[in-house]
Amino acid sequence: MIQTKTIVQELVKKHGNNRESLIPVLQGIVEKNNYITDEDIIEIANTLDISAGEIYGTTSFYTFLDTEKRGKYVIRVCKSIIAVMKGKAEIIKTIENILNIKVGETTPDNKFSLLEANDIGWSDKEPSMLINEKVYTELTPEKTTEIIESYLRD
Amino acid sequence: MSEKIKKVDNIFSKDCNCKDILAKTLKKDKDSFIQELIDSGLKGRGGAGFPTGLKWKFAKMAEGDEKFVICNADEGEPGTFKDRVILQEVPQKVLGGMALCGHIIGAKKGFIYLRGEYAWMKQDLQKAIDEMHDAFKTMKLDFFIDIRMGSGAYVCGEETALIESMEGKRGEPRNKPPFPASIGFRGKPTVVNNVETLVYTLMIAHIGAPEFKSLGTADSAGSKVFSISGDTPIPGVYELELGMKLSDFVEEFGDGDTKAVQVGGASGFCVPRRKFNDTVIGFEGIPTGGSMMLFNSHRSMYNVLHNYLDFFVEESCGQCTPCRVGCQQLLKGIEAVKSKERDSSYLNELIKLSETMHTASKCGLGQSVANSFNSIVEEFTEEIMY
Ligand SMILES: Cc1cc2nc3c(=O)[nH]c(=O)nc-3n(C[C@H](O)[C@H](O)[C@H](O)COP(=O)(O)O)c2cc1C
Ligand code: SF4
C-alpha cells in the first residue's frame with residue numbers, strides 16, 4: 001500500500017484543492033488501493049479543509065468508493081435480471097469454488113474480493129463482470145475459470 | 001427486417017464528417033439553429049423526453065457569466081447499453097454535439113459524466129477528445145471537454161443528482177424548479193443532455209429538420225437507438241423509427257414465445273402479450289430511454305419484479321421518505337404475499353403505496369417505481385401470488 005500522505009498530496013495536486021476535486025481524489029485512492037481507509041479520509045479532510053464526517057458521508061453514498069477492506073482485485077458480477085436469466089448464478093458458483101470465498105468476502109491473502117453489482121451495461125452479452133476496471137462478457141463457467149486463473153498466476 | 005419495423009442508419013453512419021458539419025453549423029445564425037431543433041421535434045433520449053430545442057433556448061436566454069454543457073453518460077437503467085455503443089463507435093459525433101451546444105448557448109466548457117462501470121473506455125474517449133480539441137482550434141472554437149467519472153450510483157443519472165456529484169457531494173437530487181438550464185453546475189446555466197440526444201442534434205444540423213421528422217410520428221419525431229436484450233435471438237443495439245407497434249417489434253426480435261416486454265427498464269412498464277397489439281413505442285404510447293427487455297413464458301415475473309425492487313432498494317438515495325421506505329415495503333410486501341403471510345388483497349394496498357410514492361417522491365426514481373410495480377402486479381397477479 002502506498003503511503004497515505006503521498007498519494008493524497010499527489011491526487012490533490014492533480015485534481016485541485018477544492019470541494020469539486022473530492023470525488024476524483026477518492027476515486028484515485030480506490031484506483032490505487034481498492035478501498036479508502038480512515039487515515040485517507042483524515043488526510044483529505046486536512047488537505048481540502050472539509051470535515052472528515054462530511055467526507056465519510058460522501059464516500060458512503062457511492063458503491064465504488066469502498067471503505068471496507070478489499071482485495072487487490074475486486075470482482076463485481078452483474079446481477080441484473082438479464083444476467084440472472086443468462087446464468088449469473090453459475091458464474092458466482094464457479095468463482096466461489098475457485099477462490100473459496102462467498103459473495104461479499106475477501107480471500108485471506110487479500111488478493112480477491114467477490115461482489116455483485118447492479119447492471120454494468122452489457123445486457124446484450126450477459127453474464128458479465130468487472131475485475132477492477134476491466135470488463136468480461138459472455139461468461140461461461142469455463143471462461144470464468146480461465147480468467148480467474150490468469151489473475152491467480154499474476 | 002420485417003417491413004413494419006424500419007431500421008435507420010443515422011447515429012452510427014460514418015458517411016458524414018462531423019467536423020465539417022460542426023464547422024458549417026458554427027457559421028449559421030444561432031437562433032435559427034435553435035428554431036431548426038425545435039421544428040425537428042427532437043425530444044431528449046435519456047428518458048424524460050423534454051424538447052431539446054427548448055432546453056437549449058432556455059439555456060441560451062439564461063443570464064450567466066459562465067455556462068456549461070454536460071453529456072449524461074451515466075446509463076444506469078437496467079437493460080440499456082446503447083450509450084456505451086455510441087461512445088465506442090462514434091465518439092466524435094457526441095463531442096461534436098456537445099461543442100455545437102456550447103457554441104449555441106455560450107458555454108466554453110463541457111463535461112462527460114461517465115459511469116464508473118465504463119472506466120474501461122475512458123482512455124479511448126480521452127483520445128477522441130484530444131483529437132477533437134485540435135479540430136476546435138482549427139475552427140477557432142473556444143470549447144474544452146473534460147471527463148468526470150461516476151462511482152456506481154444509479155441516481156446520479158438524474159440530472160440534478162449528477163450535478164451535485166460533479167460538485168463533489170452526495171448525489172442527491174435537487175428540487176426542480178429551478179432546472180439546470182437556469183441554475184445548474186456551480187449554480188450556472190447548464191444543458192444536461194443524453195449521449196444519444198447530442199448525436200441527434202449534430203445529425204439534424206446535417207440533414208435538416210424536415211428529413212429528421214420525415215420518420216416517426218407527430219409526438220415522436222425521428223428514430224431512436226434501442227437496447228434489446230433478454231429472450232431474443234438477436235440482442236444488441238438497433239436504431240429504429242419511433243412509433244412502432246409493440247407486436248411488430250416482438251415479431252422481429254422475439255423468440256416466438258414472448259410473454260412480456262419491459263419497455264424502459266426497471267423504471268418503465270411491463271407490457272403483457274395481450275397488449276402487444278395496442279401498444280405504441282413512443283411518447284404517445286410507452287416512452288423508453290431505449291431499454292427493451294424480452295421475457296418468454298419460462299420466466300417468472302415474480303423473480304423479475306423482485307429483481308427490480310432489490311435494485312430500487314439499493315439505489316434509492318434515501319433522501320425522501322416515500323421512496324426510501326416505500327421501496328423496502330414493496331419488496332417485503334411481495335415476499336409476504338408469496339410466502340402466504342399475507343393474502344392477495346394486500347397487493348391492492350401495495351399498489352396504493354406505489355401510487356403514493358408516485359405523487360410524493362422527490363425525483364424520477366421514486367416516482368417511477370409504480371410503473372413496473374403496478375404493471376407487473378396487475379398483469380401477472382397469479383405469478384406474484386403462487
Ligand atoms: C433515477 C434517474 C436516472 C436517470 N439516469 C439517466 C441516465 O443514465 N442517462 C440519461 O441520459 N438520463 C438519465 N436520467 C434523465 C435525466 O435526469 C435527464 O432528464 C436527461 O439526462 C436529460 O437529457 P435528455 O433531455 O437529452 O434526455 C435519469 C433520471 C432519473 C430520475
Ligand atoms: S425519490 Fe428516491 S432517489 Fe429520488 S430523491 Fe427521493 S429518496 Fe432519493
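## Ligands and chain interface in a predicted model

An oxygen atom of ligand 1 is 2.7 Å from an N or O atom in the side chain of Thr197(B). That is a polar contact: a pair of N or O atoms within 3.5 Å, where within protein one must be able to donate a hydrogen and the other to accept it, and residues adjacent in sequence count only if both atoms are side-chain atoms.

The model is predicted, so local features need pLDDT of at least 70 and side-chain atom pairs pLDDT 80 or more, while totals for chains, interfaces and linings use all residues. Residues are numbered from 1 along each chain as its sequence is written, chains are lettered from A and ligands numbered from 1 in the order written, and side-chain values use heavy atoms, without hydrogens and water.

**Ligand 1.** There are 19 residues around ligand 1 (a heavy atom within 4 Å). Gly46(B), Glu75(B), Asn193(B), Asn194(B) and Thr197(B) come nearest.

| Residue | Atom of residue | Atom of ligand 1 | Distance |
|---|---|---|---|
| Asn72(B) | polar side-chain atom | oxygen | 2.9 Å |
| Gly157(B) | polar backbone atom | nitrogen | 3.3 Å |

**Ligand 2.** Around ligand 2 there are 13 residues. Cys317(B), Gln319(B), Cys320(B), Cys323(B) and Cys363(B) come nearest. By class, the shell holds 7 nonpolar, 5 polar and 1 charged. Here Cys counts as nonpolar and Gly as polar.

**Chain B against chain A.** In this interface, 48 residues of chain B are in contact with 30 residues of chain A (heavy atoms within 4.5 Å). The two chains bury about 3,000 Å² between them. This is the accessible area (1.4 Å probe) that the two parts lose on being put together, summed over both. Carbon and sulfur atoms carry 54% of it. Trp120(B), Ser151(B) and Arg170(B) supply 19% of the area that chain B buries against chain A, more than any other three residues.

Charged pairs also join the chains. The count is 4 salt bridges (a side-chain nitrogen of Lys or Arg within 4 Å of a carboxyl oxygen of Asp or Glu). Asp124(A) and Arg84(B) meet in a salt bridge, 3.0 Å from N to O.
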